[in-house]
Amino acid sequence: ARGSYSLDKLRDLFYPVSPAGQQQAAADPPSMGTDISVVNDEGLTPGQGVRGVHTVFRYRVAGGPPQVMDQTLYLNDDASKLYLFFVRCSTECYQQRQKEITSVVSSFTVREKL
């Protein structure tokens, strides 16, 4: 799979977040879960040999309470390394601690040795 990861594949690595991933999950109801709502999604191009995505979304797994997922994923240029920072908490927790979570998540940086 080396070199074949698109940014949408990164988004969907753990949960079906991209439009195509959501469509596929809807076609297979017993899959990972339902009720995905993307709050924020951005491509990341910090340079220095990496590219990635940062996505915040709400997700309900198997009829349980809604959770907020905040995921940042980076790939190096040849897609041989994956870097991940993932935060998951209840909707209430995320609302109460959003500034703190945002500060910690935005501090995640990756630099490839060139």
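**Exercise 1.** Is serine 18 buried or exposed?

*Solution.* The model is predicted: local features need pLDDT of at least 70, side-chain atom pairs count only at pLDDT 80 or more, and totals for chains, interfaces and linings use all residues. Residues are numbered from 1 along each chain as its sequence is written, and side-chain values use heavy atoms, with hydrogens and water left out.

Step 1. Buried means under 20% relative accessible area, exposed over 50%, and partly exposed in between (1.4 Å probe, protein chains only). Serine 18 has a relative accessible area of 2%, so this residue is buried.

Step 2. Serine 18 is placed in the loop between H1 and H2; helices (H or I, at least four residues) and strands (E, at least two) are DSSP runs, numbered from the N terminus.

Step 3. The side chain of serine 18 makes a polar contact of 2.5 Å with that of aspartate 12. Such a contact is a pair of N or O atoms within 3.5 Å; within protein, one must be able to donate a hydrogen and the other to accept it, and residues adjacent in sequence count only if both atoms are side-chain atoms.

**Exercise 2.** Classify the ring pair of tyrosine 15 and phenylalanine 86.

*Solution.* Step 1. Rings of Phe, Tyr and Trp (its six-membered ring) pair if their centres lie within 6.5 Å; planes under 30 degrees apart count as stacked, over 60 as edge-to-face and the rest as tilted. The count by this rule is 7 aromatic pairs.

Step 1. The centres of tyrosine 15 and phenylalanine 86 are 6.1 Å apart and the planes stand at 10 degrees, so the pair is stacked.

Step 2. This pair links distant parts of the chain, 71 residues apart: tyrosine 15 belongs to the loop between H1 and H2, phenylalanine 86 to strand E4 (residues 82–90).

Step 3. Tyrosine 15 is buried at 11% relative accessible area, whereas phenylalanine 86 is partly exposed at 30%.

Step 4. Both residues belong to one aromatic cluster, formed by Phe14, Tyr15, Phe57, Tyr59 and Phe86.
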